[in-house]
Amino acid sequence: MLEIPESYVIANQLNNTIRGKKIKYVLANQSPHKFAWYHRNPDDYDELLSGKTIGSSRPVSGMIEIEAGDCRIVLMEGVSPRYYEDLMKVPKKHQLYIEFTDDTALVCTVQMYGGMVAFHDGEYDNKYYILAKKKPSPLTGGFDRQYFRSLRTEETVKLSAKAFLATEQRIPGLGNGVLQDILYMAGIHPKRKMKDVSDEEYDRLFDAVKNTLRMMAEQGGRDTEKDLFGNPGGYVTYLSKNTAFTPCVKCGYELHKENYMGGTIYYCENCQK
């Protein structure tokens, strides 16, 4: 799933591969998917984008925005983009296919859910997209300790640590995947109520958000996710499907896995109080 680190990594990879290329042909919704979302009619994507030259790609929280002339292509959470130099290797099923004049292609697929929207710059009014562009990313200086403290309000005291980090677009792009290691590094259990988190612990949580996401991004994303070329990231996760029920690297206790708030959480009962 695209979260902050993967969006950062893949946007940089797109800048190194497709920037400056001219779009030859676009096919959207070739393999219909119940939870694949588009902007307006996907049949119009070819007419909208063909002939456009790719500009810069940039991370927008857990999304990736790609310039295409006077248009924009936005890949949202749940989309897996892949770059192909050999068109013979393109999978038969996909939800967005963009072929360039040099016979290379950007191909996007969706497993659970995901949005692939194309539009003229400025016409897309999706609230999540607009909010993500307005709020500072934890990978930038604008997301500082003072800003993080402003997120803690009277309305958040009843929330669990997981809910605080990953709901209501409080920190766009910070989802259930990356929060596992963030809470682990902060020593906070995902079910712990925010009212029980001390000021000192909250400052430690800020450091964990900044440092963990930075390491994930700098190391090519998480080892549980794939990059633009289908390779797993270089950041080795402490808490994920790869480490469930193995010994904690800090204390040796067995790591736990359970369902919570519609998703899976991982934690060490000894290190995360």
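User: In this predicted model, which helices are included in what covers the buried residues of H7?

Analyst: The cover over the buried residues of H7 includes helix H1 (4-17), helix H4 (145-150), helix H5 (161-166) and helix H6 (179-186). Helix H7 itself runs over residues 199-218, and its 20 residues reach 29 Å from the first C-alpha to the last, close to the 28 Å expected at 1.5 Å a residue.

User: How should I read the list of buried residues in H7, and which residues are they?

Analyst: Begin with the general idea: an α-helix has 3.6 residues a turn, so residues three or four places apart point the same way. In H7 the buried residues include Tyr 202, Leu 205, Phe 206, Val 209, Leu 213 and Met 216, and Glu 201 and Lys 210 are buried as well. Just after H7, Gly 220 takes a positive phi of about 85°.

User: Which residues touch the most other members of the largest nonpolar core?

Analyst: In soluble globular proteins, nonpolar side chains tend to be buried together. Here the largest nonpolar core has 40 residues, of which Leu 49, Ile 66, Leu 75, Leu 96 and Met 116 touch the most other members. Apart from this core lies another, of 26 residues, among them Phe 148, Phe 164, Leu 179 and Ile 182.

User: What lines the largest cavity?

Analyst: The largest cavity holds about 40 Å³ of space, and its lining includes Glu 6, Val 9 and Ile 10, together with Gly 220, Gly 221 and Arg 222. By kind, the lining residues divide into two nonpolar, three polar and five charged.

Technical notes:
Residues are numbered from 1 along each chain as its sequence is written. This is a predicted model: local features need pLDDT of at least 70, side-chain atom pairs count only at pLDDT 80 or more; totals for chains, interfaces and linings use all residues. Side-chain values use heavy atoms; hydrogens and water are left out. Helices (H or I, at least four residues) and strands (E, at least two) are DSSP runs, numbered from the N terminus. The expected span of a helix is 1.5 Å times one less than its number of residues. Buried means under 20% relative accessible area, exposed over 50%, partly exposed in between (1.4 Å probe, protein chains only). Contact means heavy atoms within 4.5 Å. A nonpolar core is a set of buried Ala, Val, Leu, Ile, Met, Phe, Trp, Tyr and Cys residues joined through side-chain atoms within 4.5 Å. On a 1 Å grid over the protein atoms alone, a cavity is a set of points where a 1.4 Å probe fits but cannot get out, and a pocket is an open set with protein on both sides within 12 Å along at least five of seven lines; lining residues have an atom within 4 Å of a point. Grid points are joined across faces, edges and corners, and a volume is the space filled by probe spheres set on the points. Ala, Val, Leu, Ile, Met, Phe, Trp, Tyr, Cys and Pro count as nonpolar, Asp, Glu, Lys and Arg as charged, and the others, Gly among them, as polar.
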